Amino acid sequence: MLEATVVFPVILTLMFGILDFGRAIQDYHTADKSMRNAARYLARVPADAVCDWGWDNAQNLAIYGLMDPPNGAKPLIQGWAADTLSLERSPACVDPAAEPMTITISANVPIPTPLMSALISSSVNIGVRHEERHIGG
């Protein structure tokens, strides 16, 4: 009985840690795919729209998976929103005449992992980045 009392919390912590880690990996892959899709979208819009309406559409595509999400749409990852997802503007926005024009999109994404956050007392963030050459549209 004493051994079970000592081992049970350790096993429980390991099980929840594995679940948290699995969710974090799944969220990373979702974030990676959404950043890739947003970068590919921006690579195909006209050059003058990359930092205008194309940027807004790409941000919605990254967060919601839709360019024009309906009101109340759920983000791809729980807790994502335009104010929690920081997208780095592409260098093409600074110098649109640069050749070859490359679209760079990156994000530092907070991942909701209750057990890891409790153990390390801070939020867990992942960074994703994608780069595409602009081919116009």
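What follows is a working chat about a predicted model of one protein chain.

Trainee: What counts in this model, and how are residues numbered?
Mentor: This is a predicted model, in which local features need pLDDT of at least 70, side-chain atom pairs count only at pLDDT 80 or more, and totals for chains, interfaces and linings use all residues. Residues are numbered from 1 along each chain as its sequence is written, and side-chain values use heavy atoms, with hydrogens and water left out.

Trainee: What is the mean pLDDT of the chain?
Mentor: The mean is 83, and 88% of residues reach 70 or more. pLDDT is the predictor's confidence in each residue, from 0 to 100.

Trainee: Where is confidence lowest?
Mentor: In strand β1, residues 86–87, at a mean of 66; helix α2, residues 53–64, has the highest at 90. Where pLDDT is low, the predicted coordinates should not be read in detail.

Trainee: How many helices and strands are there?
Mentor: Four helices and three strands, in the order α-α-β-α-β-α-β from the N terminus. Helices (H or I, at least four residues) and strands (E, at least two) are DSSP runs, numbered from the N terminus.

Trainee: Switching to packing. What share of residues is buried?
Mentor: Of the 137 residues, 31% count as buried. Buried means under 20% relative accessible area, exposed over 50%, and partly exposed in between (1.4 Å probe, protein chains only).

Trainee: How many residues are in the largest nonpolar core?
Mentor: It has 25, and Ala31, Leu42 and Val109 have the most contacts inside it. Helices α1 and α2 and strands β2 (102–111) and β3 each give two or more residues to this core, with α1 giving the most, at eight. A nonpolar core is a set of buried Ala, Val, Leu, Ile, Met, Phe, Trp, Tyr and Cys residues joined through side-chain atoms within 4.5 Å.

Trainee: What is leucine 42 in contact with?
Mentor: Leaving aside neighbours within four places in sequence, leucine 42 contacts Val50, Gly54, Trp55, Ala58, Ile103 and His134. Contact means heavy atoms within 4.5 Å.

Trainee: And what does leucine 115 touch?
Mentor: Leucine 115 is in helix α4, residues 114–120. Not counting residues up to four places away in sequence, leucine 115 touches Thr13, Phe16, Gly17 and Asp20. The C-alpha atoms of leucine 115 and aspartate 20 are 6.7 Å apart, though the two residues are 95 apart along the chain.

Trainee: Is leucine 115 buried or partly exposed?
Mentor: Partly exposed, at 23% relative accessibility.

Trainee: New topic. How many salt bridges does the search find?
Mentor: Two in the whole structure. A salt bridge is a side-chain nitrogen of Lys or Arg within 4 Å of a carboxyl oxygen of Asp or Glu. One joins glutamate 132 and arginine 40, at 3.8 Å, N to O. Glutamate 132 is in strand β3 (residues 124–133) and arginine 40 in helix α1 (residues 2–44), so this pair ties together parts 92 residues apart in sequence.

Trainee: Which residue does arginine 129 pair with?
Mentor: Glutamate 131, with the closest N and O atoms 3.0 Å apart. Glutamate 131 is partly exposed, at 46% relative accessible area.

Trainee: Last one. Which residues make the nonpolar surface patch?
Mentor: Leu2, Val6, Val7, Phe8, Ile11, Leu12, Met15, Phe16 and Leu19 make a patch of about 900 Å². Patches are made of residues with over 30% relative accessible area and no salt bridge; like charges are joined within 9 Å, and nonpolar side chains (Val, Leu, Ile, Met, Phe, Trp, Tyr) within 5 Å. Accessible areas come from the Shrake-Rupley method with a 1.4 Å probe; for residues, only the protein chains shown count as cover. Valine 6 lies in helix α1 and is exposed, at 55%.
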